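Please read it alongside the model.

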There are 2 protein chains.
Amino acid sequence: MLQMERFYAQRVKDMRGSDIRDAFKLTEEPGIISFAGGFPAQEAFPIDLFQEIFQRLFQEDYAGLQYGPTEGLEALRRELAAQLTAEGAPCSAESIIITNGSQQALDLICKVLLDPGDYVLVEQPSYVGALNAIGNYQGKKIGIPIDECGLRLDVMANRLKEMASRGQHPKFIYTIPNFQNPTGVTLSLERRRGLLELAKQYDFLIIEDNPYGELSFGQEPVPHIKTMDNEGRVIYLGSFSKILSPGVRVGWLAAHEALVRKITVAKQGTDLCSTTLGMKIVLEALHSGKLRAHIESLRIMYRRRRDLMLRALSAYMPEGVTWTRPEGGFFIWLTLPSYIDTKAMLPFAITEQKVAYVSGTGFHVDGTGQNTIRLAFSQAAEGDIEEGIRRLSRVIRERIEVAM
Amino acid sequence: MLQMERFYAQRVKDMRGSDIRDAFKLTEEPGIISFAGGFPAQEAFPIDLFQEIFQRLFQEDYAGLQYGPTEGLEALRRELAAQLTAEGAPCSAESIIITNGSQQALDLICKVLLDPGDYVLVEQPSYVGALNAIGNYQGKKIGIPIDECGLRLDVMANRLKEMASRGQHPKFIYTIPNFQNPTGVTLSLERRRGLLELAKQYDFLIIEDNPYGELSFGQEPVPHIKTMDNEGRVIYLGSFSKILSPGVRVGWLAAHEALVRKITVAKQGTDLCSTTLGMKIVLEALHSGKLRAHIESLRIMYRRRRDLMLRALSAYMPEGVTWTRPEGGFFIWLTLPSYIDTKAMLPFAITEQKVAYVSGTGFHVDGTGQNTIRLAFSQAAEGDIEEGIRRLSRVIRERIEVAM
């Protein structure tokens, strides 16, 4: 067989597989309680709604089986524009493009914006898929630390100043302002305003990724950054993966119309169009009037799982371990004493205590985070959460005692 | 609003929208007979089969609604590997990855293989979507002319020699060996062998795109180039868009396992996974045992449309116009006298004779082809084909007479 290496493009060197994905393989063994996978709960998919939609899918036309427009079905784009407008960010169908989940939105944005070596600001820690998309286009990632109110704007302002003094200008920042992956934290209103100010001052774009925003556990929603943007600086990403189904592969972005036109041209050469079948299903789900109630039931379910996990953490975790208290979404973030390496600890957790998690290192762009852990409560069976946390605390306790 | 241009990457300059797409807008007016759109016939989608599949989709599990593996559902990859093996190209599930139609396969291949300025050989004329994918990664396209037996290997050999003398080495050639888009021609067995020899001699890869191969009108199929490849030099692309539905967005590629692993990593950052719903539907369609009979009915239908179009061309076209006689697929290719500009002629065809086609220029990489036309018989209503060709012949006749 041929040696393939000589055929590869330069960018292949910057491509990374996800640690999380490798971790999944370990968690499939029987008896393991896994907090690793951050997928939506499979048992909560609205099967009845899907069955209902399937029955009327071909009543009007067969367009769901044909190629569709590259930018997505017009009717769906209109619905999404109306929704975002109602949420305070006025926009038209022309500023919307449908993508294969938000991940493709990230890919297309990087394709249109990033030259090799361009700087991109990211939250540290941040979503691995975004880091991969940026890496695929050889962007240079600059991590900005976050605290319980999201991005540390003070650190960011200093960093931007330093960068500017070296002639370095970031193209954009990537942020997940609501119930962030992996930490669960929400960017405060004040900081949203401050972030937009910094973006204006240093002239970069903002990617506001909001896959979890509708899965709030009760707090009033904080307005999107996009609602404060009157010049098309914010690219807003939405998705049906967490509120309906990831399998239909329907995400979307709202942005400056000129940018949406460029992204549409890029998408044409990328995959012609997203799945019309998926788009038709989403449109029918919106028209059914049943999606709101479904999302409400998801909120209740995920909140219960979060509560169970927080309670177990309080009950079992030893001193020296801290964690976030998310107001929505799928994730809790643990910080252990700095001497514990969570990646090295994982095989022991799995084999000795039969509990799995994702080590935080993969969410960091600078090799740090080795003492952090992402726990997903989204897929955990409710009866398993307490026991899983108890097991995890045993693994951690052991390491703390050894160190003492 | 912001001026966006300053944020764009270099590669945006090489991105092109498709002429075909713009042409579609013109063809939507009532009364127009259009041979422009090369989509599958909407009225032939197997609705009953889809309804049947929907009914059993959630009987075993809900995996069709969840995220799936980046490389695609294992069961589907096994089926496709078995199919390709039966067709004479032995391969395993590990050498298969599922993509959002073949267009995404092209995108991912370019992502993994092409640095800006890398050379790529393409048939001239060739599929616009492939030219766009290569353009998105700033590949340099070298057009190799084709005749009624496909690629002119003599011209290609000379070109490769010249290029080598200048130190230029193509990364790959892109070919559609069966019922090519846009010409309908098929690459002969002898030339398939010769092409592989040239690829070995000059050490480049072959992308063998085969979306129309199963829509043969009676001839024995010519073996895939992949069947002659014992070193993983050929990347074979398959698709369910033309034989089941483009809306489910399921294409696939078979290649060297090492390359498939790299493409999988690239896809992870591109869109995480293709639609599991689409993949489940395709898998069910394969298991139903009804897909073979459906494809047979498509062959009969498309052959009838081709026959009607060929007959009308013979009956109405003036001297000086020539065309291909495809043995399968969707397209016939017309060559008019060299002084006729088919792009300039199109608005007259539409407004004066109410007939639409695609000008051949967009399929050429060097600005030639202005006297060529692609006619799609795939979507034309059978009752309209004769009349449409009669109208087109009138537009052409007028221009020939004026020139005389």
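1. In strand β14(B), the bridge partner of Val358(B) is Arg374(B). Strand β14 covers residues 372-376 of chain B and is joined to β13(B) by 2 bridges, the two running antiparallel. Strands here are DSSP runs of E of at least two residues, and helices are runs of H or I of at least four residues, both numbered from the N terminus. Two strands count as paired if DSSP finds at least two bridges between them.

2. This is a predicted model, in which local features need pLDDT of at least 70 and side-chain atom pairs count only at pLDDT 80 or more, while totals for chains, interfaces and linings use all residues. Residues are numbered from 1 along each chain as its sequence is written, and chains are lettered from A and ligands numbered from 1 in the order in which they are written.

3. The pair in point 1 belongs to an open sheet of 4 strands in chain B, with the order β10-β11-β14-β13 and antiparallel pairing. β10 (322-323) and β13 (358-359) of chain B are the edge strands; each has a single partner strand, so one side of each lacks a neighbour in the sheet.

4. Between the chains, 62 residues of chain B are in contact with 62 residues of chain A, where contact requires C-beta atoms, placed from the backbone, to lie within 7 Å. Helices α2 (47-56), α4 (101-113), α5 (128-136), α8 (257-271) and α9 (276-288) of chain B each supply at least two residues to the side of chain B that touches chain A. The most come from α8(B), with 9 residues. By type, that side of chain B divides into 29 nonpolar, 24 polar and 9 charged residues (nonpolar: Ala, Val, Leu, Ile, Met, Phe, Trp, Tyr, Cys and Pro; charged: Asp, Glu, Lys and Arg; polar: the others, Gly among them). The copies meet through the same surface, because 100% of the interface residues of chain B are also interface residues in chain A.

5. Chain A is assigned domain 1 (5-46 + 293-403) and domain 2 (59-288), with bounds from an automatic or database domain assignment. Their centres, taken over C-alpha atoms, are 25 Å apart.

Notes:
Contact = placed C-beta atoms within 7 Å.
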